[in-house]
Amino acid sequence: MIILDHEVSDFVLPSTGDKEFSLAANVGKNLVIYFYPKDDTPGCTTEGQDFCAHWQAFSEKNCVIVGVSRDSITSHGNFKEKMKFPFELLSDEDEKVCKLFDILKMKNMYGKQILSIERSTFVIDAQGMLRKEWRGVKVPGHVQEVLDFVTTL
């Protein structure tokens with residue numbers, strides 16, 4: 001866990017709901033961006049469900065939640081609908097935002113080295129400043145820890 005205080009460069013990504021998400025359009029709100037490896041896999045489903053379960057509490061703190069992976073918008077739409085997530089999922093197929101946040105890491109998968117998203121969460125405050133980051137996230141208890149931090153903003 002690292003606490004940083006610097007402005008995050010604006011970015012635009014395709015979002016579920018036939019929308020585009022931009023950081024600039026969310027100035028004035030706290031923002032939780034969570035990066036996850038793959039739609040509809042056990043850990044990613046559990047993490048999304050945890051954010052879903054706490055969504056109202058985040059909303060009460062003027063906080064928007066978005067999930068990001070390299071999956072397509074079609075995959076994201078299906079995953080969001082199946083899980084009934086109240087927040088949007090963003091598609092970063094060309095990895096530009098993954099690279100901006102430096103969350104691509106080599107992992108061993110069945111004896112092969114693959115480039116994958118390291119499960120990570122970032123909190124950006126209402127002024128667009130990166131306030132906290134978690135890398136190499138373990139899902140159990142993580143969302144409550146993020147909410148506890150957001151409550152301090």
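Predicted model: local features only at pLDDT ≥ 70, side-chain atom pairs only at ≥ 80, totals over all residues.
**Entry 1: Glu47 and its partner**

The side chain of Glu47 meets that of Arg119 in a salt bridge, with 2.8 Å from N to O. Glu47 sits in helix H1, while Arg119 is in the loop between strand E8 (112–117) and E9, so this pair ties together parts that are 72 residues apart in sequence. I looked up Arg119 too, and this residue is buried, with a relative accessible area of 14%. The cut-off for buried is under 20%, so Arg119 makes it with its 14%.

**Entry 2: other salt bridges**

How many salt bridges does the structure hold? I got nine.

I picked Asp71 and Lys38 next. Their closest N and O atoms are 3.1 Å apart, and they form a salt bridge. This pair also links distant parts of the chain, 33 residues apart. Asp71 is in the loop between strand E5 (63–69) and helix H3 (73–83), and Lys38 is in the loop between strand E4 (30–35) and helix H1 (42–53). I checked burial on both sides: Asp71 counts as buried at 9% relative accessibility, but Lys38 is partly exposed, with a relative accessible area of 45%.

Then I went to Arg135 and Glu133, whose salt bridge has its closest N and O atoms 2.8 Å apart. Here Arg135 counts as partly exposed at 32% relative accessibility, whereas Glu133 is buried, with a relative accessible area of 5%. I also noted a network: Lys19, Lys80 and Glu88 are joined by salt bridges that share partners.

**Entry 3: strands around E10**

Which strands did I find paired with E10? Strand E9 (residues 120–124) is joined to E10 by five bridges, and the two run antiparallel. In that pairing, Thr121 has Trp134 in E10 as its bridge partner. E9 and E10 make a hairpin with four residues between the strands, and there Gly128 takes a positive phi near 85 degrees.

Strand E1 (residues 6–7) is joined to E10 (residues 129–135) as well, by two bridges, and this pair is also antiparallel. I traced one partner here: Glu7 goes with Met129 in E10.

**Entry 4: Ser22**

I zoomed in on Ser22, which lies in strand E3 (residues 19–22). Ser22 counts as buried, at 16% relative accessibility. A polar atom of the Ser22 side chain lies 3.1 Å from the backbone nitrogen of Ala25. Leaving out residues up to four places away in sequence, Ser22 touches Asp10, Phe11 and Val12.

**Entry 5: helix H5**

Which residues of helix H5 (residues 142–150) are buried? My list reads His142, Val143, Val146, Leu147, Phe149 and Val150. They cover an arc of only 160 degrees around the axis, which means they are on the same side of H5.

What do the buried residues of H5 pack against? I found helix H1, helix H2 (55–60) and the strands E4, E5, E9 and E10.

Conventions
Residues numbered from 1 in each chain as written. Heavy atoms only, no water. Pairing = 2+ DSSP bridges. Salt bridge = Lys/Arg side-chain N within 4 Å of Asp/Glu carboxyl O. Buried < 20%, exposed > 50% of the residue type's maximum accessible area, 1.4 Å probe, protein only. Polar contact = N/O pair within 3.5 Å; in protein donor to acceptor, adjacent residues only side chain to side chain. Contact = heavy atoms within 4.5 Å. Arc of directions from axis to C-beta.
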